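Visitor: I am new to protein structures and would like to learn how to read one. Could you walk me through some features?

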Amino acid sequence: MTLPDVPPGTRVVVRYRIEGGFTDALGYLRSRGDTECTVETKRGLATIRLADIVLAKTVPPPPARPRRA
């Protein structure tokens, strides 16, 4: 799957190259341009160069939190 196939607002995981290896961004795809995309993660916005992406796929919504009694 490539990110051009994914509409903004979809929950995704993106594996991409960083200096010394790889890392993942898990969250909601917020924007996608010709050279980069933005994923909103729990830690904030991650802007990722498309050329650095190794793998991208959609993931289901996070599990519901248990209710407190």
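Predicted model: local features only at pLDDT ≥ 70, side-chain atom pairs only at ≥ 80, totals over all residues.

Guide: R30 and E40 form a salt bridge, and their closest N and O atoms are 2.6 Å apart. R30 lies in strand β2 (residues 21–32) and E40 in strand β3 (residues 36–41), so this pair ties together parts that are ten residues apart in sequence.

Visitor: What makes a pair of side chains a salt bridge?

Guide: The idea is a distance cut-off: a side-chain nitrogen of Lys or Arg must be within 4 Å of a carboxyl oxygen of Asp or Glu. By this rule, the count here is three salt bridges.

Visitor: Which residue forms a salt bridge with D24?

Guide: The partner of D24 is R15, with the closest N and O atoms 2.7 Å apart. Another of the salt bridges joins the side chains of R49 and D52, at 3.0 Å from N to O.

Visitor: Are these residues buried or exposed, and how do I tell?

Guide: Look at the relative accessible area: under 20% is buried, over 50% is exposed, and partly exposed is in between. D24 has 40% relative accessibility, so D24 counts as partly exposed. R15 is partly exposed too, at 38%. In the pair we began with, R30 is partly exposed at 40%, and E40 is partly exposed at 34%. R49, at 49%, also counts as partly exposed.

Visitor: Now the whole chain, please. How many helices and strands does the chain have?

Guide: Count zero helices and five strands. Reading from the N terminus, the elements run β-β-β-β-β. The C-alpha trace spans about 50 × 30 × 20 Å along its principal axes.

Visitor: And what share of the residues counts as buried?

Guide: Of the 69 residues, 28% count as buried. For the surface, the chain has about 5,400 Å² of accessible area, and 51% of that belongs to carbon and sulfur atoms.

Key
Residues numbered from 1 in each chain as written. Heavy atoms only, no water. Buried < 20%, exposed > 50% of the residue type's maximum accessible area, 1.4 Å probe, protein only. Helix = DSSP H or I, 4+ residues; strand = E, 2+ residues; numbered from the N terminus. Areas by Shrake-Rupley, 256 points an atom, 1.4 Å probe, with all protein chains shown as cover.
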